[in-house]
Amino acid sequence: MSDVRVVFRKYGGALHWNHPGKVLGDDQHGVWVAVPGGTVARKGDGPAITWETHAIMLFPRNAWWTASFNAVPHQTEVYVDVTTVPEWRDGEVTMLDLDLDVIRKRDGRLILDDEDEFAEHQVVLGYPPELIAAAEESARWLMDAVGARRGPFGGAHLGWLAMLG
């Protein structure tokens, strides 16, 4: 397992969520990264936040999203950020967070979150039309795939999560 720094940025480059992780491996879905309970994260340069439960993150090779799969007892089973395609370099994986989130709760509820933030940032941060279109297309695809438990959202994370105990 190799160390990696997970760095989400906002359009324009401002630091967003950032934390350490450990690369577990890769498969047809992308690169899997462990984020064990006790990991310390920050939103930008804000105060440290310690995550209580284990999570596995998936960084696809050529898709506009990143996914987190949370261990029980976390109430959110799957949390997918709509992002630019993740880029790897110098021990870091980074992407632009494009506000929209697809969330599947343990009870099966499916939520498209932060549509208001996405609309606001289109104006305030000046998202170009092609960025808006790609984010909206990704969100539509994710709502369908996460809701139907297709592809990596149908349990592919379970073996990776089991590696954390």
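Analyst: Start with burial: a residue is buried under 20% relative accessible area, exposed over 50%, and partly exposed in between, with a 1.4 Å probe and protein chains only. Strands (E, at least two residues) and helices (H or I, at least four) are DSSP runs, numbered from the N terminus. This is a predicted model: local features need pLDDT of at least 70, side-chain atom pairs count only at pLDDT 80 or more, and totals for chains, interfaces and linings use all residues. Residues are numbered from 1 along each chain as its sequence is written, and side-chain values use heavy atoms, leaving out hydrogens and water.

User: What makes strand S3 largely enclosed?

Analyst: Strand S3 covers residues 30–35, and six of the six are buried, so the rest of the structure largely encloses it. In the whole chain, buried residues make up 47% of the 165 residues.

User: How do you know that S3 pairs with S2 and with S6?

Analyst: Two strands pair if DSSP finds at least two bridges between them. S2 and S3 run antiparallel and are joined by five bridges. Aspartate 27 has glycine 30 in S3 as its bridge partner. A hairpin through two residues links S2 to S3. S3 and S6 also pair in the antiparallel sense, over five bridges. There, alanine 34 has isoleucine 56 in S6 as its bridge partner.

User: Why is a set of residues called a nonpolar core?

Analyst: Because its members are buried Ala, Val, Leu, Ile, Met, Phe, Trp, Tyr and Cys residues joined through side-chain atoms within 4.5 Å. The largest such core has 28 residues, and Trp65, Val80, Leu142 and Phe153 have the most contacts inside it. Helix H2 (129–148) gives the most to this core, with seven residues. A second, separate core has 12 residues, including Val6, Ala55, Phe59 and Val93.

User: Which elements make up the chain, and what makes it as compact as a globular protein of its length?

Analyst: The chain has three helices and 11 strands. The radius of gyration is taken over C-alpha atoms, and the globule rule is 2.2 Å times the number of residues to the power 0.38. For 165 residues the rule gives 15 Å; the chain's radius of gyration is 15 Å, close to that, so the chain is as compact as a globular protein of that length.

User: How far does the C-alpha trace span along its principal axes?

Analyst: The C-alpha trace spans about 45 × 35 × 30 Å along those axes.
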